[in-house]
Amino acid sequence: MFALNVHGQRPWLAAATLALSYLRLVDAADVFQVPFTTDISYTFDGSQFDYLKFSINGTGQIGPDGPWQAAVIMLGSYQRVSLLEQWVGGLLVPMWPTGSVITQLLTTEGGGYYNKSANATRPWIEFGDNNEMVLSDYNARELSTGQGILDMVTMINARAEQPGYANINATIYAMNTSRILMRDPLNTTYTPEVGNLALGRPADVDLQNTTFVGTSIIEQMKSQGVVKTNSFGLHLGSAPLNQKGSLLLGGYDESRVVGTVAAFEMQLGVPFIFLLDVFLGVETGAKHFTAPLVDAGSSIWQGDAVDDAGEHFGGKKGSVLILPNPAVPGLHLPDPTCANAARYLPVHFDNATGYWLWDTTDPGYAPLINSGAYMSFVFSDMDARNVTIKIPMTLLNLTLDQPIVQMPTPYFPCHDVDKNNGYWELGRAFLQGSFFGINYEQNLTFLAQAPGPAMGQSLVHTIQAENRTLKSQPDSAFLDSWRASWPSAEAVVADQNNSKKPLSGGAIAGIVVGAVAGLSAVAILVFLCRRRRSGPRRGTAEMSELQVNSGGHKDIKGLAEVDTHTGVHEAAEAGLQEAADTAVLELDSPDKTLNEAPASPGVYELESFEKALARHTESSPPVHEMPIR
C-alpha cells in the first residue's frame with residue numbers, strides 16, 4: 001500500500017501545482033497522460049521505486065543497461081476520489097509501453113511483484129488443451145513461462161483532470177518465470193523487473209487457431225469516456241539528461257514532435273516501418289569521429305545485409321521492415337551496420353560482455369559524445385517521402401551495470417542481427433530521440449524526430465479519429481533543443497552573434513578571399529556514391545512453425561527473396577569552408593581498424609541462443625518466438 005506525498009509539500013501548494021498544470025493543459029480534452037518512474041508530482045516520486053533491484057539512487061531511473069525511465073501502472077482495481085488526495089492503493093509497477101496486445105507481468109512466484117487476484121478470469125488465449133505458454137523474444141533475449149489471464153489494473157492519469165484513473169480488465173501474460181540471457185559466453189541470466197504494457201488492439205491480429213477474449217486497454221478507456229480515440233503518442237525521453245518521458249493515450253504532445261511526420265500503414269496489426277539507410281553525421285560544430293566522414297555524413301548501410309521483405313510489404317526497393325519497440329533496449333540492425341559504425345567511433349567490442357564499449361580514455365571520446373554528432377536513420381513512409389531521424393551520440397552513451405558488469409561501464413547500444421537468425425528492431429536507445437505514435441482508428445503508425453532536453457512548452461492535442469498526420473515543431477527546434485548540451489554548438493552561436501557586428505574594410509576583403517577559396521574547393525570536391533552490391537541471394541523459405549509473439553504474429557523473415565540495395569544517402573548542405581575542409585574517403589577505407597573483434601562481432605547466433613534456451617526449458621512445452629511487440 002502506498003500513501004504518497006512529495007517531500008512534505010503543503011496541501012495548498014500541491015493544489016496550486018495541480019491547478020497550474022490544469023491551466024497549462026486545459027485546451028486538450030479526451031487525453032490521458034501516463035506517468036513515468038522519474039516523475040515528481042503530488043501522486044508519487046521516483047523514490048517509490050527503490051524496491052526494484054535495478055532502481056538507481058531513488059531517482060526512478062532503471063538499469064542495468066540504461067539508465068531508463070518506464071511508464072507506471074497500479075496493480076489491482078482502485079479509485080481516486082479527489083485529485084487533491086494522495087493515492088492509496090495497490091503496488092505501483094514500471095512498464096515498457098508497447099504496441100503489443102499482451103501485458104506482461106512477472107508474478108511473485110517468479111521473483112516479480114504481481115499476484116493474480118481472486119477476480120482473475122479464465123485464460124484469454126489457449127494453445128490447444130495446454131494453457132501453459134513458453135515464449136521467447138530474441139532481441140530482448142528473454143525466455144518466460146506462464147499463463148494468460150484477465151485481471152484488473154489501474155491506469156493513473158498524471159494530468160489534473162477527472163477522472164484521475166481508469167480501471168482496466170487487462171489481457172495479462174502472468175509469467176511464472178522470466179529470464180534475460182546476457183551476452184556473455186556462458187549465457188548467464190538475470191530476472192527482469194519491468195513489465196510490458198500492451199497498447200495494441202487484439203482485433204487487428206490473427207492468432208491462428210487461438211481464441212482472444214480480452215479487449216485492449218485503450219479501447220476500454222474509450223468506452224469509459226476517458227479518451228476520445230484509440231490512439232497514443234510516445235516519446236521516452238532521456239533519463240540521464242533529465243528529459244521526462246511522455247505517454248499520452250488518445251493524444252500526443254506537439255512539443256515532442258519535430259519536422260516532417262512519417263506515416264506508415266500498419267501491417268498485420270503491427271507497427272512496421274521501412275528503413276532505407278543509416279549514416280553518421282554532425283549537426284553543427286567540429287567533427288570528432290575517429291575516421292573522416294565522406295561529404296556531410298557517411299553511410300554505414302550495406303546492401304548485402306538487406307532482404308526484400310520490405311518491398312514485398314510495399315516499401316521502396318532496398319528497404320527493410322523494422323519495428324520501433326520500447327520493450328528492447330538497443331538498436332538491433334541488419335548486420336554489419338553496427339560494426340561499420342564502430343570504425344568511426346572510439347569503441348571496441350568486448351567479447352566478455354558481448355557489447356560495444358566506449359573507450360573512455362580515448363581523447364576523442366568526450367568531445368564526440370558532447371558534440372552535435374549523430375547516428376541518423378532514413379525511413380520511407382506511405383507517401384514515399386524520405387524522413388530522417390537523428391539520434392545524437394549523447395543519447396547513445398549509455399551505461400551497463402550489475403549484473404552485466406561489476407562496475408558502471410559506458411557502452412554503445414548497437415547490435416548486428418543477421419537476417420537469417422533474427423529480426424530488426426529500434427528499441428529504447430532510438431526512442432529516446434524519436435516520437436512514436438499510433439492511430440488505430442486509421443490503422444496508421446507515426447514516426448518523427450523528437451527534440452533534445454531543452455524542448456519547448458508542452459502542447460497537448462487529441463488525436464482525432466480522422467487524423468492521418470500530426471502537428472509538429474519546425475526543423476530548427478531540434479538544434480535549438482540541443483544547443484545547451486553541445487559546447488561546440490554554443491560556440492557556433494557565439495560566432496554567429498559576433499558576426500553581426502559591423503565589419504571593417506579589411507575584414508570584408510578577407511571574407512571575399514575566403515569565399516573564393518571555398519568555391520574553388522567545392523568545384524573540385526568529389527562526392528562518392530556507394531557501390532551497388534549484387535549477387536545471388538537466398539531464395540524463399542517456408543516458415544516451419546507457428547511463431548507466436550506478444551502481438552501474436554508469425555515471423556515474416558524468409559517471405560521473399562533477398563535483393564540488392566541501392567543505398568540512400570541524403571547529404572545535408574554544408575558551409576563553404578566546411579566543405580573545403582572535408583576529406584573525401586570511401587566508407588570501406590576508414591583509418592581506424594578493429595583488431596579487438598571480427599568484422600561483425602556480436603551478431604546474434606540463433607543456434608547458440610536456442611541451445612541456451614533449451615537448457616532452461618527441458619521439461620517445458622515448445623518455445624514460441626515473439627518477434628513482434
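Here is a short walk through this structure, from the whole protein to its sheet and its cores. Keep in mind as you look that the model is predicted.

Let us start with the overall picture. The protein contains eleven helices and 33 strands. Of its 629 residues, 58% are buried. The protein exposes about 24400 Å², and carbon and sulfur atoms supply 52% of that area. Contacts also reach across the sequence: among those between residues at least 6 apart, 75% join residues at least 24 apart.

Now turn to one of the sheets. Six strands form an open sheet with antiparallel pairing, in the order S2-S15-S14-S30-S31-S17. At its edges you will find strand S2 (32-34) and strand S17 (258-265), each of which pairs on one side only. From one strand to the next, the twist averages 15°. For a closer look, follow strand S30 (residues 434-439) beside strand S31 (residues 444-449): the two run antiparallel and are joined by six bridges. Within this pair, Phe-435 has Ala-448 in S31 as its bridge partner.

Next, look inside. The largest nonpolar core holds 116 residues, and Met-155, Leu-249, Met-375, Phe-377 and Phe-379 have the most contacts inside it. Setting aside neighbours within four places in sequence, Leu-249 is in contact with residues including Asp-30, Val-31, Phe-32 and Val-34. Its other contacts include Met-155, Leu-199, Ile-218 and Phe-232.

Definitions and conventions
Residues are numbered from 1 along each chain as its sequence is written. This is a predicted model: local features need pLDDT of at least 70, side-chain atom pairs count only at pLDDT 80 or more; totals for chains, interfaces and linings use all residues. Side-chain values use heavy atoms; hydrogens and water are left out. Two strands pair if DSSP finds at least two bridges between them. Helices (H or I, at least four residues) and strands (E, at least two) are DSSP runs, numbered from the N terminus. Axes are lines fitted to C-alpha atoms, for helices over the stretch in contact, and angles run from 0 to 180 degrees between N-to-C directions. A nonpolar core is a set of buried Ala, Val, Leu, Ile, Met, Phe, Trp, Tyr and Cys residues joined through side-chain atoms within 4.5 Å. Buried means under 20% relative accessible area, exposed over 50%, partly exposed in between (1.4 Å probe, protein chains only). Contact means heavy atoms within 4.5 Å. Accessible areas come from the Shrake-Rupley method with a 1.4 Å probe; for residues, only the protein chains shown count as cover.
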